[in-house]
Amino acid sequence: MKIFVLNCGSSTLKFQLIDMKNEERIVKGNYERIGGKNSSLRLNVRGTKHVIQHVARDYKEALDIVLKLLTSNEYKALESLDEIGAVGHRIVHGGEIFNQSVLIDEKVISQIEKCIPLAPLHNPEGIAGIRAMQKKLPNVPMVAVFDTAFHQTMPKEAYIYQIPYKYYEEYKIRKYGFHGTSHRYVYGRIAEILGNQNMKVINCHLGQGASICAIENGKSIETSMGLTPMSGIPMATRCGDIDPSIVTYIMKRDKLTIEEMEKILNKGSGAWGVSGVSEDYRDIERAYEDNDSRSMLALDSQAYKIAQYIAQYMVSLGGVDVITFTGGVGENGYEARERICNYLEFLDIKLDKDRNKVKGKEVCISTDDSKVKLYVVPTNEELMIARDTYDLVK
């Protein structure tokens, strides 16, 4: 069975076509700037990369173009659309309704709509992707895979906020957590590598967005992102945890609207806000190497706070067997991994600096005498979505 995996962002359409016979990725693509005048499609078909300039006004038009290309004689990824056996959709927020992936029907779509207040920038796009695919492939089964579902195993003392309880009862304000599909994949993979399904693992998903997750015996018991993906460790442009009074203080001083303040915290903070260099960690890392003081402050501060979270989650787990690194920075940023692990040496968590100098490879990076194993495990959220989809429809 070939499964089409779809991830709809605010102006992007990411997708993969995976053959579940051998879990081979046939196609990977990213349609950028949908709705703008400079829409472009980056396409990788069986390892051959292409860039196609083609305006797409909405998701339906973007999907029309993508599916037409995949069945064209030029790319030959599919003989026809009949080869697609199912579609897996990444949906950001499932609230407390969904604790696992589900087959999509009208009731499920209605429930995803109910979660829009919790993810107003993401769930509408996810629904738009579902509707567009239903029109293109009306008889093909579809599955929703939620970022938040994996974290529904957190105990109530972990997810409740110390604000008036009525806000949880009335508005469902609580910690939900995100990157669940990535955290679940990495735990499953490290369990395979070490041949042990019952471990205490702290997974560090580090990228433009970043979160830490404490996992015990395959279940999430604590995670750093909260009601929204803005909380937890500081990220590329997101502030992470801050004193809530900072928000009202700045708003009063600068006479900012709610929307202006949200933009600062979500788009103008983190490593970009402190360094003033770039939203891209690679640029900030180069400035760090050139001894730019603000870049050094930004990345050293982030490493410090990530290490604090790791130590905190050792308390949540009552110890730890393995610490894993994944995501764009976690997989490729050996400098970032070293900065983080330097803070953990007092716990006899020892990084092998030679083993650590790898990018994008599945490898052990701890010393042989380290009390805790350290691993790099490249994530594969799309494969996880495809597996869930396959299991539900086969």
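Author: Helix α1 covers residues 59-70, so 12 residues in all; helices here are DSSP runs of H or I with at least four residues, strands are E runs of at least two, and both are numbered from the N terminus. From the first C-alpha to the last, α1 reaches 16 Å, close to the 16 Å expected at 1.5 Å a residue (the expected span is 1.5 Å times one less than the number of residues). Bear in mind that this is a predicted model, where local features need pLDDT of at least 70 and side-chain atom pairs count only at pLDDT 80 or more, while totals for chains, interfaces and linings use all residues. Residues are numbered from 1 along each chain as its sequence is written, and side-chain values use heavy atoms, with hydrogens and water left out.

So how covered is the helix? Mostly: nine of the 12 residues in α1 are buried, meaning under 20% relative accessible area, with exposed being over 50% and partly exposed in between (1.4 Å probe, protein chains only). Among the buried ones are Tyr59, Glu61, Leu63 and Leu70.

Now look at the N-terminal end of α1, which Asp58 caps. One of the side-chain oxygens of Asp58 lies 3.3 Å from the backbone nitrogen of Lys60.

Thr237 counts as buried because its relative accessibility is 11%. Its side chain reaches the backbone oxygen of Asn266 at 2.9 Å. Leaving aside neighbours within four places in sequence, Thr237 is in contact (heavy atoms within 4.5 Å) with residues including Ile264, Trp272 and Glu279.

Key:
A polar contact is a pair of N or O atoms within 3.5 Å; within protein, one must be able to donate a hydrogen and the other to accept it, and residues adjacent in sequence count only if both atoms are side-chain atoms.
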